[in-house]
Amino acid sequence: MKIDYQVREALELLERERGIPVDTILAALASGLVSAYKRTPGAAEEARVTIEWDSGEIILYAQELDDDGNVIKEWEDGTTDLGRIAASTAKQVIAQQLREAKREQVFDAYEGREGDLVTGMVQQHDNRSTIMDLGNAEAVMPGSERIPYERLERGARAKALIIEVRQEAKGPQVVVSRSHPDLVRRLLELAVPELLDGTVEIRSIAREAGHRTKIAVISNDPNVDPKGACVGARGSRVRNVVNELRGEKVDVVQWRDDQAQFIAEALGPAKVRSVEVDEEEKAALVIVNDHHQSLAIGKEGQNARLATRLTGYRIEIRSDSEARRASVTPEPAQEPTEAGGDQPPAAT
């Protein structure tokens with residue numbers, strides 16, 4: 001039995017284009033032939049196969065073993081229809097090798113890319129997870145990594161953040177997220193060249209996926225306004241991020257070394273009158289105009305909550321009226337006199 005020249009050309013092509021060594025395929029083919037041979041009627045209890053690449057010749061040696069598993073007799077078995085077995089086995093082996101090579105290529109392509117941004121097409125979307133086609137691999141987005149209430153239609157294209165690449169029995173798995181705060185970072189980097197070249201730097205991010213994100217930025221060039229660079233002319237740059245996030249609000253905040261100033265910035269769009277910072281307790285008392293208090297706190301406390309995460313300070317917000325009431329100390333009530341004590345003089 002010999003390997004057909006067309007098969008040999010196909011194996012060489014696989015080596016060149018897929019990086020699968022011919023020796024690896026031949027070893028797998030030999031192992032597959034032995035397994036197939038053992039399943040034929042009247043087969044010996046053990047066997048081995050040799051494949052000569054230069055000549056293409058395949059030889060099967062039947063073996064007899066002793067009680068300890070040692071080979072005591074070996075002969076070339078020419079009675080078996082090796083050609084038929086080889087044809088079907090070769091197809092299985094090559095298909096398996098292609099699958100394994102594909103898995104290795106996928107793992108090599110994505111290993112170490114945690115934190116990278118990828119674009120994929122939605123293949124499947126249900127309550128448990130979303131499957132995305134990345135072109136050369138599939139990615140899974142668990143329900144916990146999706147933007148709440150976001151429905152990704154099949155065939156829709158979306159960007160996601162790689163958060164894990166793991167090797168499993170069924171092959172490598174690329175796990176992605178659309179709720180991770182760093183997704184907003186990567187999306188903004190796509191829209192803002194100053195972030196990529198280091199002129200502008202993102203210092204911190206606070207996100208409630210699907211609702212609102214606050215990003216604190218600083219400029220390493222005194223001639224560049226970091227907030228303006230990220231927002232863009234008429235909001236064009238940040239709008240690209242908002243569109244990708246299906247309308248999630250994105251507030252760009254200027255980082256300040258002065259913590260009181262930074263906290264005031266973080267509470268935007270509310271206007272802050274004063275900030276009192278307690279460095280030891282990492283807390284801040286913020287005073288705002290009465291009509292700005294609800295804006296500073298935000299719907300269900302969201303604005304204040306995000307500002308707390310962004311700055312790392314526990315923030316208490318009071319209106320002017322509340323601050324004035326708290327500053328007024330009531331006079332202590334006069335204590336009643338005890339019986340037998342000094343009495344006020346009687347009226348005359």
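Predicted model: local features only at pLDDT ≥ 70, side-chain atom pairs only at ≥ 80, totals over all residues.
Local features need pLDDT of at least 70 and side-chain atom pairs count only at pLDDT 80 or more, while totals for chains, interfaces and linings use all residues. Residues are numbered from 1 along each chain as its sequence is written, and side-chain values use heavy atoms, with hydrogens and water left out.

**View 1. Five strands close up into a barrel.** The order is E4-E5-E6-E8-E7, with mixed pairing. Strands here (E, at least two residues) and helices (H or I, at least four) are DSSP runs, numbered from the N terminus; two strands count as paired if DSSP finds at least two bridges between them. From one strand to the next, the twist averages 50°; angles run from 0 to 180 degrees between N-to-C directions, and axes are lines fitted to C-alpha atoms, for helices over the stretch in contact.

**View 2. E5 pairs with E6, and H4 sits on the sheet.** Strands E5 (residues 129-133) and E6 (residues 138-142) share 5 bridges in the antiparallel sense. Look for aspartate 133, whose bridge partner in E6 is glutamate 138. Helix H4 (residues 181-191) packs on the sheet and touches E4 (117-125), E7 (157-168) and E8 (171-177), where contact means heavy atoms within 4.5 Å. The direction of H4 makes about 125° with that of E7.

**View 3. H4 also packs against H7.** The axes of H4 and H7 (residues 236-244) are 9 Å apart, at an angle of about 140°. That makes the pair oblique, the label for whatever is left once angles under 35 degrees are called roughly parallel, over 145 roughly antiparallel and 65 to 115 roughly perpendicular. On the H4 side you'll find Val184, Leu187, Leu188 and Ala191, meeting Arg237, Asn240, Val241 and Glu244 of H7.

**View 4. H8 crosses H10.** Helix H8 (residues 259-266) and helix H10 (residues 302-311) cross at roughly 145°, and their axes come within 9 Å. This crossing is right-handed. H8 brings Gln259, Phe262, Ile263 and Ala266 to the contact, and H10 brings Ala307, Leu310 and Thr311.

**View 5. E12 and E13 make a hairpin.** Strands E12 (residues 272-278) and E13 (residues 283-288) run antiparallel, joined by 6 bridges. Valine 272 stands opposite valine 288 in E13. Between the two strands lie 4 residues, and lysine 282 in the turn has a positive phi of about 50°.

Conventions: Left-handed = near helix turned anticlockwise from the far one by under 90°.
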